[in-house]
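Trainee: Hi! Could you walk me through this model?
Mentor: Happy to, let's look at it together.

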Amino acid sequence: MERNSDLLAGSILRMERLRQGMEQKAVCYGLCVPSYLCKIEQGTVHPNPDLLSALYQRLGIVYTQEESLLHPLKQMLQDYFTRLEYGLDIQETYETLQAQADTLRHSPLALHWLLVQGYQGEAVLPLLEQLQAAMTDRQLALYKLLRCRADPMAPGALALCPEA
C-alpha cells in the first residue's frame, strides 16, 4: 500500500468514526493506542492490514483490499472515466458501480468512487477537497475538472482547468 492509499484508508476510517460519533479510544480499545489510531487517520503510518481491518470492523464496516474483488471494479471505474472523457453514455456503467457502492466506499478505490459521485452531481466536493493529499495525479486532475464543472464562475475556476 502506498502513501496516498494509507492516507485514504485513514481518512475513510476517521470519517466513518466521526459519522458514528465515536471517540478514538472506543474505536481502538484493545487493538492499538489512540495516538497510533491518530497516525493511521492522518496517513502518517503504514498500518498492518489486519489492524486496519479490525478497526474497520469495530465501526461495522468491511474494508476490502482483496485484489480479486477490486480488479473488476477498477476496470469499471476506468471505463466510466474513459466514457466521460469521450462524451459517451456513462449511465449504465454508473449503475453497475452504484450496485457496488458499499465495497467501493470502503476500499482503496474510495477516492475514485467519490469522483464518480461528484461527476454524477452528488455533493462530495467538500470531502474531495479534504482528500487532495491522498490523490494521484490523475485523480487530482479529475477533481480539478470537476470543480471547474461544478462552478465555472467560482474564483480560481479558470486556473484549475489548465492545471488539470
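Trainee: Where does Val 33 lie?
Mentor: Val 33 is in the loop between H2 and helix H3 (34-42). Keep in mind as we go that this is a predicted model.

Trainee: What span should helix H10 have, and what does the model show?
Mentor: H10 covers residues 137-150, which is 14 residues, so at 1.5 Å a residue the helix should span 20 Å. Its end C-alpha atoms are 20 Å apart, which agrees.

Trainee: You mentioned Cys 148. How many disulfides are there?
Mentor: The count comes to 0 disulfides. Take Cys 38: the nearest cysteine sulfur belongs to Cys 28 and is 10 Å away, while a disulfide needs the sulfurs within 2.5 Å.

Trainee: Are those cysteines, Cys 38 and Cys 148, buried or partly exposed?
Mentor: Cys 38 is partly exposed, with a relative accessible area of 27%. Cys 148 counts as buried because its relative accessibility is 8%, and buried means under 20%.

Trainee: New topic! Which residues touch the most other members of the largest nonpolar core?
Mentor: That core has 44 residues, and the ones touching the most other members are Leu 55, Tyr 56, Tyr 80, Leu 111, Val 116 and Leu 128. Helix H8 (residues 110-119) gives the most to this core, with 7 residues.

Trainee: What does Leu 111 touch?
Mentor: Setting aside residues up to four places away in sequence, Leu 111 touches Leu 8, Leu 128, Leu 131, Ala 134, Met 135 and Gln 139.

Trainee: How do H5 and H8 pack?
Mentor: Helix H5 (residues 67-85) and H8 pack at about 35°, and their axes are 11 Å apart. The crossing is left-handed.

Trainee: Which residues meet there?
Mentor: From H5 you have Leu 77, Tyr 80, Phe 81 and Leu 84. They meet His 112, Trp 113, Leu 115, Val 116 and Tyr 119 in H8.

Trainee: What about Ser 11, buried or exposed?
Mentor: Ser 11 lies in helix H1 (residues 3-19), and with a relative accessibility of 13% this serine counts as buried. Beyond its neighbours within four places in sequence, Ser 11 is in contact with Glu 41 and Leu 131.

Trainee: Last one: where is Met 22 found?
Mentor: Met 22 is in the loop between H1 and helix H2 (24-28), and is partly exposed at 23% relative accessible area. Not counting residues up to four places away in sequence, Met 22 touches Arg 17, Val 27 and Leu 59. Met 22 and Leu 59 are 37 residues apart in sequence, yet 8.7 Å apart in space from C-alpha to C-alpha.

Definitions and conventions
Residues numbered from 1 in each chain as written. Predicted model: local features only at pLDDT ≥ 70, side-chain atom pairs only at ≥ 80, totals over all residues. Heavy atoms only, no water. Helix = DSSP H or I, 4+ residues; strand = E, 2+ residues; numbered from the N terminus. Expected span 1.5 Å × (residues − 1). Buried < 20%, exposed > 50% of the residue type's maximum accessible area, 1.4 Å probe, protein only. Core = buried A, V, L, I, M, F, W, Y, C linked by side-chain atoms within 4.5 Å. Contact = heavy atoms within 4.5 Å. Axes fitted to C-alpha atoms, helices over the stretch in contact; angles between N-to-C directions. Left-handed = near helix turned anticlockwise from the far one by under 90°.
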